[in-house]
Structure formats: C-alpha cells, structure tokens
Amino acid sequence: MPDSEDYHQLLQFSTRDLSVAKPNLPVFNSPEEQFQQLRKLIIERIIVLMDSNFSSLINLLYRADVDEFKLKKALAENPDNPAEIIADAYIQRQLQKIETRKKYRK
C-alpha cells in the first residue's frame, strides 16, 4: 500500500491520465481506505473507457508504460474482471515510477 506522499502522487497521475475526480474523503479515513477509494474510481473510469473509447484506453496504457505482455498474461489468467486487472496494472506501474523518482531524487 502506498504511503501518504505516494497516494497523492498517484492521485495526480490518475487525475491527469484518467480524469479521475479527486475523491471527497473524510480526513479520518485511513491511508488504506483512501487508496481503496482511489482504486475504485480508477476502475470505474477504466470501465467507461472500455465501453466508450477503447483506443483512448490503449493509448493511456501505452503512455503510462504499462507492460503489455504482463497485462495480457494477467488478463488471460483472469478474464472475469478486466477493468480491475487493468487498473491494478496501471496503479502498479505508476507506483513503480514514483519509487524510481524518489530513489534518484536523493
């Protein structure tokens, strides 16, 4: 689970890439609850893109540098929840970018 700084950066990526609206979360929500709420919003947005503008979704995943082969493998292993698989792959890739930037910032 991402820490608070990672969560905010992930929220920025999601807002930019997916037009995810900033969730209105109570201040007392735990970081885990905040992350799960953001994940849910990302999944919802991916479902919309899958239904209405699939080429934009593919373009988004390409720009985010989501590993195509890992994603295809994950989708083949669990075809029941494609939006969740795609969202998790997107989130994982963005968190990797955040960690890499932190590592080289120091």
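Tutor: Within the chain, residues 24 or more positions apart account for 72% of the contacts with a separation of 6 or more, where a contact means heavy atoms within 4.5 Å. The model is a predicted one, in which local features need pLDDT of at least 70 and side-chain atom pairs count only at pLDDT 80 or more, while totals for chains, interfaces and linings use all residues. Residues are numbered from 1 along each chain as its sequence is written, and side-chain values use heavy atoms, with hydrogens and water left out.

The setting comes before the part itself. The chain has five helices and zero strands, and its pattern along the sequence is α-α-α-α-α; helices (H or I, at least four residues) and strands (E, at least two) are DSSP runs, numbered from the N terminus. For 106 residues, a compact globule would have a radius of gyration near 13 Å, and the 14 Å of the chain agrees with this; the radius is taken over C-alpha atoms, and the globule rule is 2.2 Å times the number of residues to the power 0.38. Along the principal axes, the C-alpha atoms fill a box of roughly 35 × 35 × 25 Å. Of the 106 residues, 37% count as buried, a word that means under 20% relative accessible area, with exposed meaning over 50% and partly exposed in between (1.4 Å probe, protein chains only).

Not counting residues up to four places away in sequence, L71 touches L61, V66, I85, I86 and A89. D88 is 17 residues from L71 in sequence, and the two are 9.6 Å apart in space, C-alpha to C-alpha.

At the start of α4, a side-chain oxygen of D67 reaches to within 2.9 Å of the backbone nitrogen of F69. In the loop between α3 and α4 you will find D65, which has a positive phi of about 65 degrees although it is not a glycine. At 45% relative accessibility, D65 counts as partly exposed.

Helix α3 (residues 54-63) holds S56, which is partly exposed, with a relative accessible area of 29%. The side chains of S56 and N53 are joined by a polar contact of 2.8 Å, that is, a pair of N or O atoms within 3.5 Å, where within protein one must be able to donate a hydrogen and the other to accept it, and residues adjacent in sequence count only if both atoms are side-chain atoms. Between S56 and L18 there are 38 residues in sequence and 9.8 Å in space, C-alpha to C-alpha.

Helix α5 (residues 82-105) contains Q94, and Q94 is buried, with a relative accessible area of 0%. Leaving aside its neighbours within four places in sequence, Q94 is in contact with L10, F13, D17 and A64.
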